[in-house]
Amino acid sequence: MTSEREIFGLTGPSFLTAIDWNNSYHKRSIAASLVQGVYILERDRQEKRQGPQALAPPWWQHFNFKLNQLLIDDHDLSYFGAIYEFNVPYPYPNYTNQRPPQYLIAFRGTINKPGNRAQDLKLDLHCIINNLQDSRRFKIGIESAQNVISRAGQCNVWLAGHSLGSSIALLIGRHMAKNTGIHLETYLFNPPFVSVPIEKIKNEKVKLGLRFANSVLTAGVAAAAAAAAKRGGGGSKAQANDPFIVLSSWIPYLFINPNDPICSEYVGYFEHREKMEKIGAGKIGKLATKHSIWSIVSSAMGKNSEATHLIPSAYLSINCSSCNDYKEAHGIHQWWKLDLEFKYKLYQYK
């Protein structure tokens, strides 16, 4: 059964007709719409909607993009991503300052329906235990990004994702920045932050106390692990390859709803680092912000130790508007609404 949320003319930002690529609202809305296009591509596949019955194309055609390539999961043959190409020959003589991307690579999140549920929820678990980078979706995504960048150049390629898809986009952006020095413009909608949802606590003193205790514990364990590594001869190399220092100049756009427990911890994660600086505990805050207890334990066990959801820098956009329920707080549709109340903050690791 077709939902009206799948129909661009009913629920999409069809009012955006004169696009200003210097306007952050326009860019956010287009990136979110192209991610929604991936969701609807998969729903079209499931419902066998083809030709004029297909609902996905308006989600990108309205903004003058065309579908360049589908990204298909090897396991369930679902469409989990798409590469869109701007439908104007490059270079773009009519655009000044900020130009549209020549390519935008978008990734959908979990679809909790038969045909998608098993594989998507399995990948959600991979996200929780910090090994999504071992999945075929990540490997297909990074190979596709590398191919597109080799053709078009890094300045002409954007990444975007929602929920599970934002974790994939984040991993690709991190990988490119860390291993090649390529900084892709990246839009992450409701990115998962694996943690106890401290941000949901209303009492600010209790919240601060819990975050401070967690920072002290995490920093202490991290310092002990670093000392052990140094005794083993690996300390200097670890410092030289500190991913936070390498990644600090890559600044993705994060779009967070504080009523969404899946992503809300990003608010406290960045705000607390700043608060620790103000109370003179900046060194503890910086050390804690680079690690999770799970990543430290994994490192001690000889496994991948990097907490890939932790990032040093971000343009944080917080949707402070009221919402009716979790589904709305976590949904992609909120990000192109006109009447949102936002808080914006640039956090840059130094």
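**View 1. Histidine 333 touches Arg5, Thr11, Gln36 and Trp59, leaving aside residues up to four places away in sequence.** Touching here is a contact, meaning heavy atoms within 4.5 Å. Welcome to a predicted model, in which local features need pLDDT of at least 70, side-chain atom pairs count only at pLDDT 80 or more, and totals for chains, interfaces and linings use all residues. Residues are numbered from 1 along each chain as its sequence is written, and side-chain values use heavy atoms, with hydrogens and water left out. Histidine 333 sits in the loop between helix H13 (326-330) and strand S8 (342-347). Helices (H or I, at least four residues) and strands (E, at least two) are DSSP runs, numbered from the N terminus. With 10% relative accessibility, histidine 333 counts as buried; buried means under 20% relative accessible area, exposed over 50%, and partly exposed in between (1.4 Å probe, protein chains only). The side chain of histidine 333 also reaches the backbone oxygen of arginine 5 at 3.0 Å. This is a polar contact: a pair of N or O atoms within 3.5 Å, where, within protein, one must be able to donate a hydrogen and the other to accept it, and residues adjacent in sequence count only if both atoms are side-chain atoms.

**View 2. Helix H4 (residues 117-128) has a buried side and an exposed one.** Its 12 residues reach 16 Å from first C-alpha to last, close to the 16 Å expected at 1.5 Å a residue; the expected span is 1.5 Å times one less than the number of residues. Gln119, Asp120, Leu123 and Cys127 are the buried residues to look for in H4. They share one side of H4 because they cover an arc of only 95 degrees around the axis, taken from the directions from the helix axis to the C-beta atoms. The buried residues of H4 pack against helix H5 (136-152) and H6. After H4 comes asparagine 130, with a positive phi near 70 degrees.

**View 3. Lysine 48 and serine 163 both have a positive phi without being glycines.** Most residues other than glycine have a negative phi. For lysine 48 the angle is about 60 degrees, and the residue lies in the loop between helix H2 (24-47) and helix H3 (58-61). For serine 163 it is about 55 degrees, in the loop between strand S4 (157-162) and helix H6 (164-180). Which of the two is buried and which is exposed? Lysine 48 is exposed, at a relative accessible area of 69%, whereas serine 163 is buried, at 9%.

**View 4. Serine 249 and histidine 183 are 66 residues apart along the chain, with their C-alpha atoms separated by 8.2 Å.** Serine 249 belongs to the loop between helix H9 (243-247) and strand S6 (253-256). Its relative accessible area of 42% makes serine 249 partly exposed.

View 5. Buried residues make up 51% of the 350 residues. Among contacts with a separation of 6 or more, 74% join residues 24 or more positions apart.
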